[in-house]
Amino acid sequence: MSTPVIAYYRGGDGFALDRAVVAIARRLEQETGAAPDRWRAIGSETSAAQIAERVGTAPMFGGGCVAVVTDPGPLLRSKDSREALERALGVVAPGNALVFVEQGDAGNKRAAMYAALEAAVIRAGGESREYA
């Protein structure tokens, strides 16, 4: 069984961000032998509980799930929400992936809440990349 994948991708190149997510799905497919489901949500339309539900169970048959959360800002506005999202990082099961995508211009000042989530992803053993 493959190891869980957690990633934080950011930048202004939307095409490169999409390719990075596709690369994760392909990596999971190579490791498990089955294409993973892809679930995409906008931060304002989901919750940490829904995210954890999507990625918390290891697949028994077939591929896992690549959960992509774009614009995670709304999930970071309150302390309780931030803490719940950080807990969700710890439940990503083998065969699944959780990817946060922050799209924006590199020249603009970044909100501290995004940097904090990126740091939490790294602490959880995840990867982080910027696509300018």
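Tutor: Two strands pair if DSSP finds at least two bridges between them. Helices (H or I, at least four residues) and strands (E, at least two) are DSSP runs, numbered from the N terminus. This is a predicted model, in which local features need pLDDT of at least 70 and side-chain atom pairs count only at pLDDT 80 or more, while totals for chains, interfaces and linings use all residues. Residues are numbered from 1 along each chain as its sequence is written, and side-chain values use heavy atoms, with hydrogens and water left out.

Student: Thanks! Which residue in E4 does Tyr9 stand opposite?

Tutor: Start with the strands: E1 and E4 run parallel, joined by seven bridges. Along this pairing, Val5 stands opposite Ala97 in E4. The residue opposite Tyr9 in E4 is Val101.

Student: How many bridges join E1 to E5?

Tutor: Here too the strands run parallel. One place to look is Gly11, which stands opposite Tyr131 in E5. The number of bridges joining E1 to E5 is five.

Student: In E4, which residue is the bridge partner of Val68?

Tutor: E3 is the strand to bring in now, and E3 pairs with E4 in the parallel sense over five bridges. For Val68, the bridge partner in E4 is Val99.

Student: How many residues of E1 are buried?

Tutor: Buried means under 20% relative accessible area, exposed over 50% and partly exposed in between (1.4 Å probe, protein chains only). Tyr9 counts as buried because its relative accessible area is 1%. E4 is mostly covered, with six of its seven residues buried. E1 is mostly covered as well, and of its seven residues the number buried is six.

Student: Is Thr70 buried or exposed?

Tutor: Thr70 sits in strand E3. Leaving aside neighbours within four places in sequence, Thr70 is in contact (heavy atoms within 4.5 Å) with Arg40, Ala41, Ile42, Gly43 and Val101. Its relative accessibility is 18%, so Thr70 counts as buried.

Student: At what angle do H2 and H3 pack?

Tutor: The meeting residues are Ala48, Ile51 and Ala52 in H2 with Ala84, Leu85 and Ala88 in H3. Axes are lines fitted to C-alpha atoms, for helices over the stretch in contact, and angles run from 0 to 180 degrees between N-to-C directions. For H2 and H3 the axes are 9 Å apart, and the packing angle is about 5 degrees.

Student: And what does that make H2 relative to H3?

Tutor: Angles under 35 degrees count as roughly parallel, over 145 as roughly antiparallel, 65 to 115 as roughly perpendicular and the rest as oblique. That makes the relation of H2 to H3 roughly parallel.

Student: Now the aromatic pairs: what kind of pair do Tyr9 and Tyr131 form?

Tutor: Rings of Phe, Tyr and Trp (its six-membered ring) pair if their centres lie within 6.5 Å, with planes under 30 degrees apart counting as stacked, over 60 as edge-to-face and the rest as tilted. By this rule there are two aromatic pairs. In one of them, the ring centres of Tyr9 and Tyr131 are 5.7 Å apart and their planes stand at 85 degrees, so the pair is edge-to-face.

Student: How many residues apart in sequence are the parts that this pair ties together?

Tutor: Tyr131 is buried, at 18% relative accessible area. Tyr9 lies in strand E1 and Tyr131 in strand E5 (residues 127-131), so the pair ties together parts whose separation in sequence is 122 residues.

Student: Last one: what is the phi of Asp71?

Tutor: Most residues other than glycine have a negative phi. Asp71 lies in the loop between E3 and H3 and, at 37% relative accessibility, counts as partly exposed. Although Asp71 is not a glycine, its phi is positive, at about 50 degrees.
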